[in-house]
Amino acid sequence: MTDTPEKPTPKEPEQTIACEVCLAEVPTSESKTMEAEDYVHHFCGIDCLDKWHKKAEQDSKK
Ligand SMILES: [Zn+2]
């Protein structure tokens, strides 16, 4: 059995964040982020990012 000092076992579980569109919990490292108006939005993936984009576009148009 070999120890690998460069790879300590993580003490904390990975942080998750809720997708703004489908509200799924996703690891922050895998989430997609979008900065808008000094606020960072988080999404579980491209699909939800795309949905959010389209909704934001519609909201800003009249
Ligand atoms: Zn989502």
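Biologist: What is the count of buried residues in strand 3?

Modeller: Happy to start there, and please keep in mind that this is a predicted model, where local features need pLDDT of at least 70, side-chain atom pairs count only at pLDDT 80 or more, and totals for chains, interfaces and linings use all residues. Residues are numbered from 1 along each chain as its sequence is written. Strands (E, at least two residues) and helices (H or I, at least four) are DSSP runs numbered from the N terminus, and a residue is buried if 20 or more other C-beta atoms lie within 10 Å of its own, exposed if 12 or fewer, and partly exposed in between, with C-beta atoms placed from the backbone. Strand 3 is hardly covered, and among its 5 residues the count of buried ones is 0.

Biologist: Which residue of strand 4 stands opposite Glu35?

Modeller: Two strands pair if DSSP finds at least two bridges between them. Strand 3 and strand 4 run antiparallel and are joined by 5 bridges. In strand 4, the residue opposite Glu35 is Val40.

Biologist: Is Glu37 buried or exposed?

Modeller: The way to decide is to count its C-beta neighbours inside 10 Å. There are 5 of them, so Glu37 counts as exposed.

Biologist: What is the phi of Leu23 near?

Modeller: Leu23 sits in the loop between strand 1 (16–18) and strand 2 (25–27). Leu23 is exposed because 9 other C-beta atoms lie within 10 Å. Its phi is positive, in a residue other than glycine, and is near 65°.

Biologist: How many C-beta neighbours inside 10 Å does Val26 have?

Modeller: Val26 belongs to strand 2. Leaving aside neighbours within four places in sequence, Val26 is in contact (C-beta atoms, placed from the backbone, within 7 Å) with Thr16, Ile17, Cys19, Ser31 and Cys44. Val26 counts as partly exposed because its number of C-beta neighbours inside 10 Å is 19.

Biologist: Which residues make up the largest nonpolar core?

Modeller: A nonpolar core is a set of buried Ala, Val, Leu, Ile, Met, Phe, Trp, Tyr and Cys residues joined through C-beta atoms within 7 Å. Cys19 touches Ala24, Val26, His42, Phe43, Cys44 and Cys48, not counting residues up to four places away in sequence. The largest core has 5 residues, namely Cys19, Phe43, Cys44, Cys48 and Leu49.

Biologist: How far apart are the C-alpha atoms of Asp50 and Val21?

Modeller: Asp50 lies in helix 1, which covers residues 46–60. With 13 C-beta neighbours inside 10 Å, Asp50 counts as partly exposed. Val21 is 29 residues away along the chain, and the separation of the two C-alpha atoms is 9.8 Å.

Note on methods. Two residues are in contact if their C-beta atoms, placed from the backbone, lie within 7 Å.
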